[in-house]
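This report examines selected local features of one structure, with headings by topic. The sequence and model are shown first.

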Amino acid sequence: MSKHKVDVVLGLFFGDEGKGKIVDYLSENYDVIARFSGGNNAGHTLYRDGKKIVLHNIPSGILNPNITNIIGNGVVINPIAFKSEVEMLASHGIDARKTIIISDRAHIIQPNHISRDSFNEQVLGDKKIGSTLKGIGPCYEDKIARKGLRVGDLFSEDWDEEFPQVSSHQQSFIEACEFLKTFNIQKTEVLINKLLDEGKSVLAEGAQATGLDIDFGTYPFVTSSSTTTAGVCQGLGISPKRIGHVWGVIKAYSTRVGNGPFTTELFDEVGEEICKRGNEYGSTTGRKRRCGWLDLDQVKYGSMICGVDELVLTKSDILCGFDTVKVWSDGQYHELKGWENLQDPNFQNFLNFIFENTKLKIGIVSTGIEKEDIVLM
Ligand code: IMP
Ligand code: MG
């Protein structure tokens with residue numbers, strides 16, 4: 001945990017590396033957890049006492065009542081989805097209202113963004129991106145085109161009439177916006193910098209991953225936001241000088257949901273087996289994820305872009321029992337001996353291989369779904 005700086009958790013593949021669980025685990029050490037990009041295209045799955053909780057818009061610090069959860073200016077919020085997420089948390093006995101603070105500069109996903117998302121994909125046909133269809137792209141389009149609707153705008157009188165694009169509104173959207181307005185809305189960029197000055201600790205929670213970044217991902221098969229460390233600065237309003245420790249989260253194998261290039265994709269029964277064992281189905285859309293071997297070239301690239309200090313490895317338990325596993329590095333496959341369990345020397349060998357090829361220390365190994373299933377290296 002860095003003093004006066006923002007530590008960062010990011011995914012280095014195509015999302016679904018298990019960032020939510022890691023943030024939940026690390027959150028014990030932090031006063032604030034902040035989301036800086038993306039919206040409810042994200043699906044961060046947490047398990048607590050056997051119960052599964054999937055978060056889309058709300059930061060993964062929410063299960064701890066002592067943590068402030070900030071939704072930063074770089075995030076896009078769907079008010080209807082936000083309301084149901086708050087209600088879902090209430091059914092688990094969690095009062096989200098107490099700990100969430102939302103940026104007045106965050107943009108609002110409107111009903112027309114969702115229909116435009118579907119329309120855009122239809123037009124692309126075979127070349128479609130495989131969007132989650134949550135309206136993320138069109139919402140960021142409107143932001144960049146300087147015609148977006150921001151959380152702060154909801155406080156002006158007749159906001160729904162002032163924004164012509166809302167005119168096709170549904171009543172449920174207006175109601176959800178009114179619900180959103182009852183939350184703690186602030187200039188979160190000012191708040192975060194003040195909290196850092198006071199010595200409070202802040203962890204930024206990435207959504208999606210470097211492979212999906214608008215600039216450094218596999219364009220055009222990307223999401224519409226900055227998912228990298230630079231995105232933390234822009235999406236929270238902190239200076240690059242205030243970036244602290246950067247955790248890069250990787251899975252022991254790779255997955256991708258949606259279309260676009262995937263170097264190590266498997267089309268055989270091994271891929272099927274990984275998908276089955278790893279339960280690789282999208283937590284937002286339910287779609288089957290494409291599965292493949294670990295791609296260290298992608299890890300090296302992502303680490304260069306994001307300034308990764310340390311890796312977090314998740315889901316190595318899923319590969320237990322394979323005779324051999326493959327890892328892609330320097331443009332070719334390397335075959336390693338598989339492991340029976342995580343005490344097996346062959347697993348240590350796999351960790352060493354990652355270290356030697358990336359020169360990055362693996363600080364945390366996640367060994368299962370519950371928050372406690374963690375080994376610190
Ligand atoms: P969009 O952000 O919904 O437009 O989706 C663009 C691409 O990013 C599609 O391939 C999605 O499947 C992928 N994507 C978006 N969010 C996530 C995520 O949280 N995890 C994994 N893939 C995602
Ligand atoms: Mg996910």
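## Helix 10 and its cover

The buried residues of helix 10 are covered by elements that include strand 12 (253-256) and strand 13 (290-295); cover is judged by contact, meaning heavy atoms within 4.5 Å. Helices (H or I, at least four residues) and strands (E, at least two) are DSSP runs, numbered from the N terminus. Helix 10 spans residues 269-277, and its buried residues are G271, I274 and C275. They lie on the same side of helix 10 because they cover an arc of only 100° around the axis, the arc being that of the directions from the helix axis to the C-beta atoms. E269 and K276, on the other side of helix 10, are exposed. Here buried means under 20% relative accessible area, exposed over 50%, and partly exposed in between (1.4 Å probe, protein chains only).

At the N-terminal end, helix 10 is capped by D268, a side-chain oxygen of which lies 3.2 Å from the backbone nitrogen of V270. N279, which follows helix 10, has a positive phi, near 50°.

## Basis of the values

The model is predicted: local features need pLDDT of at least 70 and side-chain atom pairs count only at pLDDT 80 or more, whereas totals for chains, interfaces and linings use all residues. Side-chain values use heavy atoms, with hydrogens and water left out; residues are numbered from 1 along each chain as its sequence is written, while chains are lettered from A and ligands numbered from 1 in the order in which they are written.

## The magnesium ion

The magnesium ion (ligand 2) has D16 (OD) and G43 (O) as its protein donors, at 2.1 to 2.5 Å. Donors are N, O and S atoms within 2.8 Å of the metal (3.2 Å for Na, K and Ca); water is not among the atoms, so sites may look incomplete. D16 belongs to the loop between strand 1 (6-11) and helix 1 (19-26), and G43, 27 residues apart from D16, to the loop between strand 2 (32-35) and strand 3 (44-48). D16 is partly exposed at 23% relative accessible area, whereas G43 counts as buried at 15%.

## Buried charged residues

R256 lies in strand 12. R256 is buried without a salt bridge, and the nearest side chain of opposite charge, E265, is 8.0 Å away. A salt bridge is a side-chain nitrogen of Lys or Arg within 4 Å of a carboxyl oxygen of Asp or Glu. The side chain of R256 does make a polar contact of 3.1 Å with that of T218, and reaches the backbone oxygen of N259 at 3.1 Å. A polar contact is a pair of N or O atoms within 3.5 Å; within protein, one must be able to donate a hydrogen and the other to accept it, and residues adjacent in sequence count only if both atoms are side-chain atoms.

E189, in helix 8 (residues 188-197), is buried at 15% relative accessible area. The side chains of E189 and R105 form a polar contact of 3.0 Å.

## Salt bridges

The count of salt bridges is 22. In one of them, D24 pairs with R48, with the closest N and O atoms 2.5 Å apart. D24 lies in helix 1 and R48 in strand 3, so this pair ties together parts 24 residues apart in sequence. D24 is buried, at 3% relative accessible area.

A network of salt bridges links D16, K251, E280, R289 and K315.

Conventions
Lys, Arg positive; Asp, Glu negative; His and termini not counted.
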